[in-house]
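Take a look at the model below. The text then walks from the overall fold to the ligand site and on to the backbone.

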Amino acid sequence: MIVIPGPASKELGETIATKLGVCANPAEHRLFPDGESYLRLPTGVEGETVVLVQTTAPDPDRKTMQLLIMAKTAKDLEARRVVACVPYLAYMRQDKRFLEGEALSFDVVLGLLESAGVDDLLVVDLHSEESLADIQPRHSIRVHTLSAIPVIARYLKEHGYDGAYSLSPDAGRKDIVEAASDILGGGFAFFEKTRDRHTGEPTMKVKDVDVKGKKAVVFDDIISSGGTMARAVKGLKDQGATRVAAACTHALFMPGAEERLKEAGADLVLATDTVETPYGVVSVADLIADHLKGL
Ligand code: R5P
């Protein structure tokens, strides 16, 4: 097995390679003056299982393009199997056609990866397993999904949130808060979230939850603008929660997100290293390496 960290995941790719007991062979990368990416793979991929580690944020279009170029090159160089390890998969949220004419971008990305020669795609906390079940049959690519929520919950348990209530911003994430609650032990609930399909503005309500005097953690797959998480944190603080942690797998953190969370009263903000940010205190390297060992 050859592990090739792409330009977006050099550090994580190297850590994964170390955990697998192999050398990381990073792809050579530079930008042409016009902004196009130059990529060169290390030698020796012929006949090998090649694991490309490349997250796709920030700058999703460029990083997706780099991934496609690396995958196609590995296949051209006669890799036996190409595994795209994409800790954060851009476009995974656009997986349903809510308005007529909307693009199913998740489906498009899977198709592109497949045509570039990717045999296996490994993703951490995919936005919706349900949508994957609908879309995957259109493709021959094998998709492996891993959840970082138990790893985050274990970290929180050791950092002052043992016994905390686990919440998710919408009912679709019931499974993840159940898993978190098994670790933190404080019970779980979810907010009811609806989103205006034209403006994207969410409305959130939490029902039948008594967090007064308790610690709570809100778990989400992504923090982007921070709006969803901030609403959840504020709601819990308004209901008397003593301490609230805002936890996510993928920290996209658009401008203003940190301020929004602070203003909402978040006592702790944390994420994994699927996207490199200062909040990525929990590593997904073990999770990914363990899965790769079984491939
Ligand atoms: C949406 O369905 C996701 O699970 C996240 O809740 C959402 O992407 C967070 O976005 P934002 O931080 O912009 O509210």
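What follows is a short tour of this structure.

This is a predicted model, in which local features need pLDDT of at least 70, side-chain atom pairs count only at pLDDT 80 or more, and totals for chains, interfaces and linings use all residues. Residues are numbered from 1 along each chain as its sequence is written, and side-chain values use heavy atoms, with hydrogens and water left out.

Start with the whole chain. Its secondary structure comes to nine helices and 14 strands (DSSP runs numbered from the N terminus: helices are H or I with at least four residues, strands are E with at least two). The C-alpha trace spans about 60 × 45 × 40 Å along its principal axes.

Now the ligand. Around the ligand stand 13 residues, of which Asp220, Asp221, Ser224, Ser225 and Thr228 come nearest (a residue counts if one of its heavy atoms lies within 4 Å). The shell divides into two nonpolar, six polar and five charged residues (Asp, Glu, Lys and Arg count as charged; Gly is among the polar ones). Strand S11 (215–223) and helix H7 (227–238) are the elements that give two or more residues to the shell. S11 gives the largest share, four residues.

Finally, the backbone. Most residues other than glycine have a negative phi, and most peptide bonds are trans. The peptide bond from alanine 57 to proline 58 is cis, with omega near -10°. Proline 58 lies in the loop between strand S4 (49–53) and helix H2 (60–76). Tyrosine 91 has a positive phi of about 75°. Tyrosine 91 sits in the loop between strand S5 (81–86) and helix H3 (105–115).
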